[in-house]
Amino acid sequence: MKQIGLLAAVLIGFLSSILIAQAAQPEKPEWCRPLPRSEYKTLERVPVDDPWFEVYRVVPQVFAIYEPHQAEETIAYLILGEKQALLFDTGMGISDIRKVTSELTHLPIVVLNSHTHDDHVGGNWQFETVYGMDTNFTRTNAKGSRQDAQEELGPGMICGNLPKGFDSKAYATRPWKISRFLHDLDTIDLGGRTLEIISTRGHTPDAISLLDRAHGLLFSGDTYYPAPIWLFRPETDLDDYVASVKRLAALAPQLKLVLGAHNVPFAPPSVLAEVVTAIETVRAGKVQGEPQDDGKALYRSGKISFLMLAHSQEAK
C-alpha cells in the first residue's frame, strides 16, 4: 500500500508540473489559432532549413517566402529569370532570409521593396544590390528604425518561438544602401523575364506593385492583401490609394493571379475591382466603422476591409 501511495504521489507531482508549465506559457494569440491557413494546402511546399520561414512554389519560378510566426504574416517573393532573380521584399529581418534564398537559387539577386515599412525591409542589409523608389520616404527609411521594429515584438505579436539566438532587445531594422533609384513604368530584365514597376502610391508614398505581363502576375504589395488593409499611418494618402487601386483594376483582364504581401500569396484578378468598390463605398460614408484601439476603426465592405483612422473615410 505504501508503494501505491508513493507512486500516486509521484504521478500527482508529475501532472502538477505539467499543468504549471502549461500555465506559464503565454496564451496563443487569436490570429495564430487558425494557422496553418487552408489556402496553403493547394501549393507546393518547398523545404528549407530555417523553421521561421515557410516557402511555397506559387507558380513556376516564383517562390513565396512566408513568415507565419509573426502577426504581420509577411510574404516576400523570389522571382527567377534566366540571368538573375528579384526578391520582392525581405520580410521582418527576424531570421536569415539571405540563407533561405541561397537554398532556392544560385542566381545573383536584386532586392526591390513593395514599400519601405519595416516589415518589408528587414533583410535588405544582407544584399549588395537593392533598388528603391526615388522618394524621400524611401531615403529616410533606408537609414533604419528601432522603434517600429520593436513594436513588431509586442504582446500578442509572436506565434510560437522566436529563432534560436535572436536578441529581441537589440532588434531593429538595419540601414541599407540603395544601389539604383526607380520610377513609375521602369522595367527590370531578369533574363527571359521582364518586370514592370507600377507606382501605387497611397499606403505609402513609395508603394509599388510589380507587373509580370508575360505571365499574367501582379505582385500587389500592401495595396491589396486578404486581410484588413492598413490605411491609417501618417504617410498614407487616401486619394492616392483610390487612384492606385483603380489603376490596378484596369489591368485585371491581363492578369491570372494577384499576389499580395501578407497572409495568403494568391487571389483572383477580380479582387481588384472589389477593392475599388469597397474603398469608394467606405469613403462615401456608407459603412459604419467598428471602433478599434488608438482612434482607429475597421471598415468592411463585401469581402474587403480597411483599418483606418476613425472618420478619415470621408472623401476630401
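Modeller: Please note that this is a predicted model. Let us begin with strand E10, residues 194-199: 5 of its 6 residues are buried, so the rest of the structure largely encloses this strand.

Biologist: Which strands are joined to E10, and how do they run?

Modeller: Strand E9 (residues 187-189) is joined to E10 by 3 bridges, and the two run antiparallel. Threonine 187 stands opposite glutamate 196 of E10. E9 and E10 form a hairpin with 4 residues between them, and glycine 191 in the turn has a positive phi of about 90°. Strand E11 (residues 208-212) is also antiparallel to E10, through 4 bridges; there, serine 209 is the bridge partner of isoleucine 198.

Biologist: What span should helix H7 have, given its 13 residues?

Modeller: One expects 1.5 Å a residue, which gives 18 Å for residues 271-283; the end C-alpha atoms are 18 Å apart, in agreement. The buried residues of H7, among them Val271, Leu272, Val275 and Ile279, fall within an arc of 170° seen down the helix axis, so they line one face. They pack against helix H6 and strands E12, E14, E16 and E17. Just after H7, glycine 285 takes a positive phi of about 80°.

Biologist: Is arginine 37 buried, exposed or partly exposed?

Modeller: Its relative accessibility is 23%, and the cut-off for buried is under 20%, so arginine 37 counts as partly exposed. Arginine 37 lies in the loop between helix H1 and strand E1. Beyond its neighbours within four places in sequence, arginine 37 is in contact with Tyr66, Glu73, Asn263 and Val264.

Methods: Residues numbered from 1 in each chain as written. Predicted model: local features only at pLDDT ≥ 70, side-chain atom pairs only at ≥ 80, totals over all residues. Heavy atoms only, no water. Expected span 1.5 Å × (residues − 1). Buried < 20%, exposed > 50% of the residue type's maximum accessible area, 1.4 Å probe, protein only. Arc of directions from axis to C-beta. Contact = heavy atoms within 4.5 Å. Pairing = 2+ DSSP bridges.
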